[in-house]
Amino acid sequence: MEQQNLDMNKYIDHIKNIQYLDFKDLENFYDFTKIFNLSKNENNSAYKESIECLYYFIIFNPDEFKPKYREFKLDEKIIYTLYEILDKLPKGTLKAKIASIILIESQNININKPKIAKIVVENFVYDFDEIFSQNYMQENNVFFALDLAYKFQLFDELGIAIKIKQVFNKQLNNTIDFKFKKLYQILTNRFYIWNKDEHLKILHRLYKIATKRIEELKTIIDIPQAQVEKNIICNILETILFIINKIKKDKKCKYIQKELYNKIIHINLEFSNIACNAYNGVALEALYYALTIAHKQNNKELITNINKKIQLLNEKILKTIKPISIPLSPEQQDCIEEYEKYLDDLLADENKSLFTIFMNAHCFKIDFDSLESPSVRISHLFPIIEYDSDNLISNIHEGQDDIFMDYRNCIMRYSCLCYILKTKLLQRFYPQKETFYPLVYNSNIIPKEYEELIARMLYCGIHNDYMDFFIYAGVSIEAILRNILKQNGCENIINKEDTQEYETLESMIKTIQDKKYLKENETKEVELLFCKSGFNLRNKIAHARLKESEFMGFSWLCDYLWCFMMRIFISYYHKKPE
């Protein structure tokens with residue numbers, strides 16, 4: 001404890017010394033190179049540790065540091081120290097970031113929050129004229145500051161709208177790029193910076209810029225360079241369409257919209273024709289761009305024509321692509337070839353059913369004794385943090401007792417054989433949902449009235465419908481475990497005052513493990529596949545923590561899980577409870 005206090009006091013001293021740094025010519029402090037330049041200044045040689053502290057502050061992003069994203073909080077001593085030195089820091093992004101940290105972290109600390117909010121806004125907006133520069137990466141910070149300005153009613157007091165308009169008007173005289181459209185739309189939708197007349201002036205200037213650049217595009221010979229320019233022009237035209245949608249809704253407006261949509265489509269189709277001989281990928285991108293705009297117009301005839309062009313170009317591209325081969329060691333190749341030959345011999349017997357062949361072919365099982373051996377363990381070397389699709393921490397794997405990462409690596413290797421087995425069975429039997437009825441309606445561990453659901457799960461799994469397979473597996477696992485307990489005479493309902501609840505998944509697994517209703521390795525795998533200590537599939541499905549696109553990323557897990565579930569169901573086919 002004394003050592004911790006000593007370390008904290010040293011860290012506090014380093015933070016205090018930030019106020020003594022020489023920030024000459026470095027007020028606009030918004031990237032790492034500024035810190036590097038700061039360390040080269042001889043006047044700062046005595047404050048090396050203080051400069052290192054700045055790396056934390058410069059990467060601080062207010063939007064990502066909302067409480068729900070973090071498992072930790074800054075010590076109050078650090079917050080008070082930052083508060084003390086705040087007024088002595090130079091104007092600009094660094095001061096704004098430190099003020100943001102104080103504002104967000106000081107939930108239980110008595111400070112003047114309106115004053116801190118004003119400092120955040122003033123200093124982020126102070127650097128706003130840098131927002132279009134190539135190295136500027138602080139757009140989210142600016143939006144955070146503008147949101148604060150709106151909440152604390154600082155827009156008029158600090159002249160924020162005037163500053164933003166000046167920067168955008170200046171940019172209209174310079175180079176327009178992709179960032180212009182993004183910032184303009186966000187500022188218009190969230191903060192209502194411009195009035196109708198101002199929008200119209202920007203519209204006319206953008207149209208002149210687009211017309212001039214369309215003519216210049218015809219003179220660019222280099223295709224990749226022309227592609228970038230083409231996309232910027234289309235971006236400008238889409239910004240004009242955005243402005244039109246904001247300010248008018250009359251017939252003339254609809255005519256202009258149609259004209260602009262047609263112009264974007266024409267530019268992309270023409271560019272695709274030019275690029276298709278030498279740059280098929282670039283030509284394909286232009287066709288997809290045109291298709292997107294055609295969908296916005298709901299022009300079915302045009303959509304059909306563009307789709308035909310895309311289809312022809314895809315065929316042309318596929319003919320030029322060479323097959324990708326993943327190098328395997330001779331031992332791995334021999335193992336796969338041997339397994340495929342073994343499978344082919346089994347499948348040659350026409351009298352064997354899908355289930356018989358599966359049980360003979362599914363000869364790979366996890367050896368947990370080897371996994372738990374210290375010589376094999378890898379996961380205890382460093383913690384593994386898992387994030388879900390919303391960047392929330394979903395699990396942390398660390399310590400000697402956590403074998404999840406070893407288990408995960410093991411089944412990733414086995415999944416290759418599982419995929420081969422599934423593919424061979426699919427080719428030989430091409431099973432329908434009804435194929436699995438004899439198994440699910442006679443397996444002792446599948447509860448009544450869940451047979452149809454589990455038959456669908458097995459059908460989806462073998463046909464590689466990953467999303468539906470995981471959903472069916474996630475919703476059926478608890479019913480299966482409850483049924484195992486019920487079949488063996490165990491009560492799995494908890495009485496809570498006036499209500500009754502089922503036991504949790506983890507609690508049921510522990511009971512099954514203690515009573516040995518399933519084999520020890522089977523129980524461990526159910527836990528690692530469906531519970532928080534492992535893949536946590538049940539919660540991820542139940543609480544919608546997996547997006548549609550992410551199911552494809554778990555195809556290897558689906559292959560293994562399908563084989564695992566099949567083995568369990570067949571193993572307990574007609575088996576009587578003890």
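Contact here means heavy atoms within 4.5 Å. Keep that cut-off at hand for this tour of a predicted model.

**Stop 1: Ile 116.** Select Ile 116, which sits in helix α6. Buried or exposed? Its relative accessible area is 0%, so Ile 116 is buried. Now show its surroundings, leaving aside neighbours within four places in sequence. Ile 116 is then in contact with Tyr 83, Leu 86, Ala 99, Ile 102, Leu 103 and Ile 111.

**Stop 2: α6 against α7.** Two packed helices are described by the angle between their axes and the distance between the axes. The crossing of α6 past α7 is left-handed.

Which residues meet? On the α6 side, pick Ala 117, Val 120, Val 121, Phe 124 and Val 125. On the α7 side, pick Asn 141, Val 142, Phe 144, Ala 145, Leu 146, Leu 148 and Ala 149. Colour this contact by residue class: eleven are nonpolar, one is polar and none is charged.

**Stop 3: helix α3.** Move to residues 48-58, helix α3. Its buried residues are Ser 50, Ile 51, Cys 53, Leu 54, Phe 57 and Ile 58. Turn the view to look down the axis of α3: these buried residues fall within an arc of 150°, so they line one face of the helix. An α-helix has 3.6 residues a turn, so residues three or four places apart point the same way.

How values were computed:
Residues are numbered from 1 along each chain as its sequence is written. This is a predicted model: local features need pLDDT of at least 70, side-chain atom pairs count only at pLDDT 80 or more; totals for chains, interfaces and linings use all residues. Side-chain values use heavy atoms; hydrogens and water are left out. A crossing is left-handed if the near helix is turned anticlockwise from the far one by less than a right angle, and right-handed if clockwise. Helices (H or I, at least four residues) and strands (E, at least two) are DSSP runs, numbered from the N terminus. Ala, Val, Leu, Ile, Met, Phe, Trp, Tyr, Cys and Pro count as nonpolar, Asp, Glu, Lys and Arg as charged, and the others, Gly among them, as polar. Buried means under 20% relative accessible area, exposed over 50%, partly exposed in between (1.4 Å probe, protein chains only). The arc is that of the directions from the helix axis to the C-beta atoms.
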